[in-house]
Amino acid sequence: MVPISYYLVLSGVLFGLGVIAFIFKRNIITIFMAIELMLNAVNLAFVAFARAWNQLDGLVFVFFVIVVAAAEAAVGLAIVIVISQNRRSLNVEDVNLLKF
Amino acid sequence: MNLPLILFFFCGGLAVLGAILLIVAREPIHSALSLILVMVSLAILYLLLGAEFIAAVQIIVYAGAVMVLFVFVIMLLNAGVEQRTNWSKMAKYAGMPLGIFLLLEITRWIWRSTAGPQAANGAGAVPAAFSTHDLAMALFRQYLFPFEATSILILIAILGALVLAKRSE
């Protein structure tokens, strides 16, 4: 039996790597992937806690997180396509209309 | 070292390796493939935790649908090598040490505060896997309203994607 704390540490490490990727990547698609990575890390923590307390609610939350992530990916990638059509670039530094 | 522990370290190591590859890869398609590696190894970890349905959904929805969408968009837009940014002085001297410190501190606190869940787990007793039947019961009784709300959310997402994809005249 693997201790629950191992899963939580793994989840924290994956979330941290997701944050690092989110900050350091310059490609819009890769930044989206970093968001998916963070959602996955949170899902792992949810399942680990569901196992620890033997409650099903954590799994239901993971289910909803997966549904929302799929919807977000569909809309987000549509936005990415529109941005690349308008700007001819995938670099986030070229999308600076709202930048002060 | 028992088998679950070996499996955990193998899959956890694969997941962390995939996440690091996602960061260092220059081509977006390499990042996408390493993210698929992370998702598959997380699905094996879900199986290890006894959540069979979530593992199946992880493979089908995440590694299947969402990542295919990502790969499709990468190929559609012909995304090439990304430019690197130069690190600012602030990130180098303040951000990086603070980030590592935060990670270490979170790890330390998680290590120290495991008494509650561990005691609830029955200390070494292997509980039965979550049955999909019980999950369906919870989903369609206790959580029926959020379940229906997600269907409206998906409908809105479809409409939004259609509106964005429509060629403006």
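Author: Axes are lines fitted to C-alpha atoms, and angles run from 0 to 180 degrees between N-to-C directions. This is a predicted model. In it, the axes of helix 1 of chain A and helix 4 of chain B come within 9 Å and cross at roughly 165°.

Reader: Which residues of helix 1 of chain A meet helix 4 of chain B?

Author: Ser5(A), Leu8(A), Val9(A), Gly12(A) and Gly16(A) do. Across from them, in helix 4 of chain B, are Leu103(B), Ile106(B), Thr107(B), Ile110(B) and Trp111(B). By class, this contact has six nonpolar, four polar and no charged residues. Gly counts as polar here.

Reader: How many residues of chain B are in contact with chain A?

Author: 66 residues of chain B are in contact with 56 residues of chain A. Helix 3 of chain B gives the largest share of chain B's side, eleven residues. By class, that side has 52 nonpolar, twelve polar and two charged residues.

Reader: What makes a set of residues a nonpolar core?

Author: Its residues are buried, and they are joined through C-beta atoms within 7 Å. The largest such core has 62 residues. Ile29(A) and Leu37(A) are among those with the most contacts inside it. Helix 2 of chain A gives the most to this core, 14 residues.

Reader: What does Ile29(A) touch?

Author: Leaving out residues up to four places away in sequence, Ile29(A) touches residues including Val80(A), Leu90(A), Pro28(B) and Phe70(B).

Notes:
Residues numbered from 1 in each chain as written. Chains lettered and ligands numbered in written order. Predicted model: local features only at pLDDT ≥ 70, side-chain atom pairs only at ≥ 80, totals over all residues. Contact = placed C-beta atoms within 7 Å. Helix = DSSP H or I, 4+ residues; strand = E, 2+ residues; numbered from the N terminus. Buried ≥ 20, exposed ≤ 12 C-beta atoms within 10 Å, placed from the backbone.
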